[in-house]
Amino acid sequence: MKPISIGLLGLGTVGTGVVKIISNHQDKLMHQVGCPVEIKKILVKDLVKERDVTIPSDMLTISSDDIIYDPEIDVVIEVIGGVEETRKLLLQALNNKKHVVTANKDLMAVYGPELLSVASRNGCDLFYEASVAGGIPILRGLTDGLASDRITKMMGIVNGTTNYILTKMCKEKLSYTEALKRAQELGFAESDPTADVGGLDAARKMAILATLGFSMTIDLDDVKVLGITEVSDEDLAFSQKLGYTVKLIGLAQRCKEDKVEVSVEPTLLPIDHPLAMVNDEYNAVYVYGEAVGETMFYGPGAGSLPTATAVVSDLVAVMKNMRLGVNGSSAVLPQFEKRLKTAEEICGKHFLRLRVKDEVGVFAQITSIFAEDGISFEKIMQLPIKGEQASEIVLISHDAPLANFERVLKKLRTYDKVEEIKSTYKVEGGLV
Ligand SMILES: NC(=O)C1=CN([C@@H]2O[C@H](COP(=O)(O)OP(=O)(O)OC[C@H]3O[C@@H](n4cnc5c(N)ncnc54)[C@H](OP(=O)(O)O)[C@@H]3O)[C@@H](O)[C@H]2O)C=CC1
Ligand SMILES: N[C@@H](CC=O)C(=O)O
Ligand code: NA
């Protein structure tokens, strides 16, 4: 029986996991697809680098042509990362009638629609389960498991690195720098972790999730993005005092009129919130569908073997389609026109921490600034700062339109008794 032949682009954290799973689970793969699976060539940058797996040296190459133009290779697995060069490589692969599996959210969040249409024109599959929430089968959950439902809300922790950092800062009092270093050593962070900590990695994943879940093309620019670089130990301590924890939360929500909002930002969650209990590199995505109600997908969002599991499961899907002769027919085009909510239509609670002059009437003036825009408080406290004529005000507002909260911030910035706006975060209440 002719084996399915794979060309692997990349042999780093994920690529190494792919090699291990294909080799260790050969019986299971054979049972599922009816033929052996073999990796024929692997593209790397450095031919002499020490590897975590034993590979015959003639299997490695530094020329992508050895894979893209090899007529015997059926499926290309891309785990090198990067965007522009990788887009070109995958277009070449698809135009050479090779099915593609990728873990690359940077690429899919920007060029996903183009690549998917080239794939289907060529009768090829393009699967990318590992690109969102690593080993959690969330894309398949949306496209297959919940295909019959109307999804109205997705909320999740979709970046393992930042969740690991925030967990270690909160629970083990590690510094931000030390926690990031550990996340890098464990292989969760991208080779340049700027996109992880800056929220862009999570934003890319939310754009992919919202596009699939709401069946409309959500671009990366449509996602409001804030990362965790400004989250301080003091903010974490204050939020704990108020009964909350801070997580980097991706939110995609649509209302009855099909208007949507998509955002990624550090958010205060009540400590008994299901997402507050998702720690370390784990990810979780809460999905609400009108018919199914609440569902939650939980698991490791990064790391070698978990991510490789999603990659090899996509490979199995390609091989099953090959057996049935239906490759390239599973992608569904978006159904709806994109309509984004305005700041008047986005509603929520906010946490705010201010340093103010400790003088008569300041507290009252601040509450009246909020009242002018119809915002009242769920919690508010004033704490004197030892040895200084200043105090801190920490508050959590009730639900209010984002536009009103932004107007309040603008007024506070010009009020001369406010010395500094220390921090502001969104606050989540319940799930639905
Ligand atoms: N790490 C994780 O937990 C997850 C990663 N992903 C995604 O998977 C992809 C791979 O990530 P990861 O395995 O962590 O990355 P690594 O940096 O660990 O590995 C990248 C691999 O690609 C090779 N490579 C990079 N650039 C080139 C190039 N120009 N030409 C040839 N080979 C190249 C490297 O070669 P060499 O070894 O010789 O340097 C290396 O083997 C990325 O898109 C990432 O976002 C998705 C989910 C989770
Ligand atoms: N760097 C990413 C890896 C998986 O997508 C993360 O930390 O989640
Ligand atoms: Na996944």
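## Ligand 2 and its surroundings

Let's start at the ligand: one of its oxygen atoms, in ligand 2, sits 2.7 Å from a polar backbone atom of glycine 160. Please keep in mind that this is a predicted model. In glutamate 190, an N or O atom of the side chain is 2.7 Å from a nitrogen atom of ligand 2. In lysine 205, a polar side-chain atom lies 2.8 Å from an oxygen atom of the ligand.

The residues surrounding ligand 2 include Asn159, Gly160 and Thr161, as well as Phe188, Ala189 and Glu190. Among the others are Lys105, Asp196, Asp201 and Lys205, together with Gly301 and Ala302.

## Domain layout

The protein chain is assigned three domains. Domain 1 is made of two segments, 4-134 and 304-324. Domain 2 covers 138-300, and domain 3 covers 347-427. Taken over C-alpha atoms, the centres of domain 2 and domain 3 are 26 Å apart.

## Where domain 2 meets domain 3

How many residues of each domain take part in the contact between domain 2 and domain 3? Domain 2 brings 14 residues and domain 3 brings 13. Together the two domains bury about 1300 Å², and carbon and sulfur atoms account for 60% of that area. On the domain 2 side, Phe238, Leu242 and Leu268 supply 43% of the area buried against domain 3, more than any other three residues.

There is a polar side to this interface too. The rule finds three salt bridges across it, and nine residue pairs are in polar contact, with both residues at pLDDT 80 or more. Which elements give two or more residues to the side of domain 2 that touches domain 3? They are α11 (233-241), β9 (244-254) and β10 (260-270). The largest share, five residues, comes from β10. By residue class, this side of domain 2 divides into seven nonpolar, three polar and four charged residues.

A salt bridge to look at in your viewer joins the side chains of lysine 426 and glutamate 265, at 3.5 Å from N to O.

## A loop residue: isoleucine 385

Isoleucine 385 is found in the loop between β14 (377-384) and β15 (390-397). Leaving aside neighbours within four places in sequence, isoleucine 385 is in contact with Arg355, Ala390, Ser391 and Glu392. Arginine 355 is 30 residues away from isoleucine 385 along the chain, and their C-alpha atoms are separated by 9.0 Å.

Conventions: Residues are numbered from 1 along each chain as its sequence is written. Chains are lettered from A and ligands numbered from 1 in the order in which they are written. This is a predicted model: local features need pLDDT of at least 70, side-chain atom pairs count only at pLDDT 80 or more; totals for chains, interfaces and linings use all residues. Side-chain values use heavy atoms; hydrogens and water are left out. Domain bounds come from an automatic or database domain assignment. Contact means heavy atoms within 4.5 Å. Buried area is the accessible area (1.4 Å probe) that two parts lose on being put together, summed over both. A salt bridge is a side-chain nitrogen of Lys or Arg within 4 Å of a carboxyl oxygen of Asp or Glu. A polar contact is a pair of N or O atoms within 3.5 Å; within protein, one must be able to donate a hydrogen and the other to accept it, and residues adjacent in sequence count only if both atoms are side-chain atoms. Helices (H or I, at least four residues) and strands (E, at least two) are DSSP runs, numbered from the N terminus. Ala, Val, Leu, Ile, Met, Phe, Trp, Tyr, Cys and Pro count as nonpolar, Asp, Glu, Lys and Arg as charged, and the others, Gly among them, as polar. A residue is near a molecule or strand if one of its heavy atoms lies within 4 Å of it.
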